[in-house]
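Have the viewer open and follow along.

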Amino acid sequence: MRICFYGYLDAVELFCFSMPPKKGKSSKGGKLNKAQKAKQQQEEEERRLQEEEEARLQAEKEERERLERERKEKEQERLELKDQERREDELNELRHLLEENHTAVTTWKTDAVEKAKWERYMHCDGIPDPAVQQDLNTYISLWRDDPEVNITLVLKQCHLTLQLMEELEALLRDVTDPQECYKYQEGLINLQELIHSKHLLTTEEILKMASMNIDTETGNMQTVVKDVNITLCLWANLKKNPRFRDLNFEEAGLGFELPKQLAVSHIAVRLLHTHYDHLSLLARMAHPRMHTPSLRSLAGGEEVPADIDVPEQGETKRTGEVKEDIETQQQRVDEESAASLQSSRNGAQPAEGRVSQIQTQMEALSGKMPSPTLPDTPKRQPHHTGSVGDLTETPIVQPTMMDRSECIQVVDLMQYTPLGGVFYCDVFHLPPQAHQVNGWEIRQLLDEGLQVFPYPMEKSNLDDNEALTCPPVGVSVTLPDSVVFLEAPQVARWDAAVKQWRMDSITDLSYEEEEAKISFKMDFFQPFVLMQETYANLPFLSWELRPLDQDAALFTVNGALIDLSITIQGNQCMLQLEQERGLSHLIGKWMSGPILQRAMLNAGINIFVNEYTDKYVITCGKDPLTEHAAYEQMALFASACAFTWSKWNAKCGAEHLVTQACEHHGPVPVPKDSWSLYLLGAQRSQKLEITENSEEFSPDYYPGSEFHSTFIHMLQDNMSTDGIARTRESNYRFVDTVQSLLCATRPLMYS
């Protein structure tokens, strides 16, 4: 019995040891749960305290911000009230400075015009007064009847006539009366046709003597005549060798390649390069709605013409037909010319007009300047990097109507600018040559003069077994040294039927940049011209205007394709440009502002804008009145303050401008840490707290600064007494030149 009991106990004990322990509430497990709960409660309490602390800090921060905003609002109200109290005095002071300069400039220009008239009267050089139509008609009649055909004497007379035509152009740019406009246009057409006819007469005279000037190597005649205005290349096909089909006039930089039909024909080829362009103005006069570029700058009334001269007739219609075309359009021209010319004068107002304009600019810009309506054109994007060697770009041309049933594509002379003059490519019947018989010279005389050889040739001029195929004519041109082509030049031919430039029928175009040579083929013998996109250098990448000395400043422009600087000294300007070839007539030469602008445009260096530029170039879209007011005030302080571009100018809206400025003396560059940012508006100007390196734009004013109704008074707050004195001593001619240059380039709009 005892053994069994022990055995039972052992079995029970063994069973107990084999069973897993139950999850009961042991004393050790209870202690762990309490610690966890305490820890959780502690974490929750810490979170609550942290949230309360954050809420307290946030509330304190919001309270500080509220108090700071209230302080700033009160401070801004105080500054605005202070600005309002002195607003009238500041506007009156600015108005007085502008009126004083404007009156002095007007008087100076009037005296200069009167002096020029008197000097011309005393000079007595035989050139008539173009404003007197009777004198002009007498001059034309006498020269037309002059039998002189010696090319040296004729070219000398042509030079005088070109000077007369330049004066007529100046009168045409300033004319307001439609009848006077028509009179000047008629005079220009008569003179350009007369020059063209004289060129033909001298060409005929040289070709009559072709057999007496034979080249020993080729058996043909070739000659080159050059003067300051033209380059004439003549070739007479005396040998009629079918293997001799091309010729290069190396001294003239011109060459041609003839098809077989012409190589065996009794012909003469003329390549005439006029260093002036008389055809583009003819296109503008015939189609005023299509080609109406601005001829004046935005300020000062100074002329800033595009690359236009008086029309060279070339292969155009005869004078009677041209006059008839102009007369049929006269009613339209009268209305548009007067409106256009009056509109272009808005920048040059008398003192009374400028007073009201200042009031409008500085107090309430209620009236806006409407933009002209033009066809939509792809605009040049900022930071343009065009390829000089790219010839695949399709030129944008403007359509016009030949008649109701036929539409052709012609060049838009607002988007493209002809450069380097006009190249006339002509083929003539070779005049009868003189023969020497027993000491006598026998020559057949023709009444009709020099005759154009028809090409493409008509079937009657070909052999019966020869197909009616007339290959194109090859032409090669070395780019003139007087012109800069920022991109590969385009070639356009003159269509006399519609008096327009066209880019069709030009094939096999090849541009050799290293040799500055372009070659192509065209279907006809026609005048042609080299063209460049007018606004290829826009928009600007950066710009800077800094003083060099009293009444001296340096205006630097970093354009899309070329960088340049213009030194201003009084009313004289000098261009500096890193250019390897040519432009010796322009770079480093002192000129007046208008003359320099004209010379730069003619040389293909365009940094100037007009009322149509925003149709082709992306702009900052600034209000023009606010912008113009800024240029006026910058010019007043250009002797003591430097100004430069800011990236924030594109971020501050259309009603405001942002520019960097600082007081600066001496010719050394402006230290980078000297610049301050200024916000300019119609109502007031202020110094900004942000810098050019800030992450985002903010209109907050600089702590400790004040508000002013004008930019010049804002600048004076940070200027020395000597600097302010320098601005008051600025010469009116220097101020006018700087203002005209800024208004002509509009860097705050196109950068």
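Before anything else, keep in mind that this is a predicted model.

**Strand S16 and its neighbours**
- All six residues of S16 (residues 528–533) are buried, so the rest of the structure largely encloses this strand.
- Phe528, Leu530 and Gln532 point one way from the strand, while Val529, Met531 and Glu533 point the other way, and all of them are buried.
- Strand S12 (residues 490–495) also runs antiparallel to S16, with four bridges joining the two.

**A run of glutamates**
- Glu512, Glu513, Glu514 and Glu515 come together on the surface as a patch of negative charge.
- Is Glu514 buried or exposed? Glu514 is exposed, at 81% relative accessible area, and the cut-off for that label is over 50%.
- As for its place in the fold, Glu514 sits in the loop between strand S14 (506–512) and strand S15 (517–522).

**Over in helix H4**
- Leu160 belongs to helix H4 (residues 151–174).
- With a relative accessible area of 24%, Leu160 counts as partly exposed.
- Leu160 and Asp125 are 35 residues apart along the chain, and 9.1 Å separates their C-alpha atoms.

Note on methods: Residues numbered from 1 in each chain as written. Predicted model: local features only at pLDDT ≥ 70, side-chain atom pairs only at ≥ 80, totals over all residues. Heavy atoms only, no water. Buried < 20%, exposed > 50% of the residue type's maximum accessible area, 1.4 Å probe, protein only. Pairing = 2+ DSSP bridges. Patch = residues over 30% accessible without salt bridge, like charges linked within 9 Å, V, L, I, M, F, W, Y side chains within 5 Å. Areas by Shrake-Rupley, 256 points an atom, 1.4 Å probe, with all protein chains shown as cover. Salt bridge = Lys/Arg side-chain N within 4 Å of Asp/Glu carboxyl O. Lys, Arg positive; Asp, Glu negative; His and termini not counted. Charge placed at Lys NZ, Arg CZ, Asp CG, Glu CD.
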